Amino acid sequence: MAQSQSSAQRRPQTKVLALSGGVGGAKLALGLARTLPADDLHVLVNTADDFQHLGLHISPDIDTLLYTLSDQANAMQGWGLAGETFHALDALGRLGGDTWFRLGDKDLATHLLRSSALAQGLTLSEVTRTLVQRMGIQSHVHPMSDDAVRTIVHTGTGALPFQHYFVREQCGPAVAGFEFEGIKRARPNAEVLGLLAAPGVACIVICPSNPYVSIDPILQVPGLWHALRDCAAPVLLVSPIVAGMAIKGPAAKMMAELGVPVTAAAVAEHYCSRYPGLVDYFLIDETDGKLAADIARLPLEVAVTSTVMKTLQDKQALAQFVLKLAQER
Ligand code: FO1
């Protein structure tokens, strides 16, 4: 009598794992969330932008994703909540407190709940799961690690914690390099390792986030990029550089300051050289179609589509393109 297969083995590969950080990543994550059956999307989020501020533990990339997936985000800014007020911050300013990092009144509730939960000994994954449930989000949101990893930006005028570089200095100083403090002892998210070891993953999507400060910190958590590479599912990466520019954020400026050509080809080279065998498909925008042959010399397949996401329709169209490409493999 043949051993009947478990339901997990019988179900086809339907789960999608997306790697995301920042605003660009959250856009494609939203497109995937609005395209897939609710329970099938897992998002692995960068936490190296996290920092302690005013006694609060702030997790910007997690919150940008949560607010985007729950349709609460300030769409113009990409981060923070729509319809926000800043009465608490203004009152803090009158008392001489730090107001350079704009914490809205409603946003503060998230930081207060997270900070008190962490202070009670919950892990970042546990408090993120609570926030996901309370915000009515169906997708699964996984911090890359529950251990502290902090991006330090090395600049011509010294080393800066990430938010000091990104917000207080408004990405002004020229970057010379990045360091992820704590990364060597950071343990990868166990739930994601479990997902990658099981047969249910249909594809892995590396969203169009900043390679240096959003995706590299995730991939460099010990054991993680190898687990992604060794998973049977294809890995598809969407270039964050289109026609020599970053859609949003300092990626292009950072590349120029590091002496790297600001092209989709250079992004492909970044990943192939650091994570050999990881990326199966590299997706570039139609405006960069002429680069396809050049990039295809690298050990990956190149696909050309419209990768600029302005509307929800654009986000869903790109998500559908990615999922279709993965199925064809
Ligand atoms: N980005 C800014 O440029 N200025 C801010 O004042 C700011 C406040 C802020 C508050 C909460 C939050 O979750 C994100 C916030 N961000 C702000 C964005 C954040 O610095 C970046 O989104 C990430 O760290 C990089 O993607």
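Modeller: Tryptophan 79 sits in the loop between α3 and α4 (87–94); helices here are DSSP runs of H or I, at least four residues, numbered from the N terminus. It's a predicted model, so local features need pLDDT of at least 70 and side-chain atom pairs pLDDT 80 or more, while totals for chains, interfaces and linings use all residues. Residues are numbered from 1 along each chain as its sequence is written, and side-chain values use heavy atoms, with hydrogens and water left out.

Colleague: What's the relative accessible area of tryptophan 79?

Modeller: 34%, so tryptophan 79 counts as partly exposed (between buried, under 20%, and exposed, over 50%, with a 1.4 Å probe and protein chains only).

Colleague: Switching to the ligand: how many residues surround it?

Modeller: 14, and the closest are Asp49, Asp61, Phe101, Arg102 and Gln163. A residue makes that list if one of its heavy atoms lies within 4 Å.

Colleague: What classes are in that shell?

Modeller: 7 nonpolar, 2 polar and 5 charged residues.

Colleague: Which helix gives the largest share?

Modeller: α7, with 4 residues. Both α3 (60–69) and α7 (162–168) supply at least two each.

Colleague: How far is the glutamine 163 side chain from a ligand oxygen?

Modeller: One of its polar atoms is 2.7 Å from an oxygen atom of the ligand. For aspartate 49, that separation is 3.1 Å, and for aspartate 61 it's 3.2 Å.

Key. Polar contact = N/O pair within 3.5 Å; in protein donor to acceptor, adjacent residues only side chain to side chain. Nonpolar A, V, L, I, M, F, W, Y, C, P; charged D, E, K, R; others polar.
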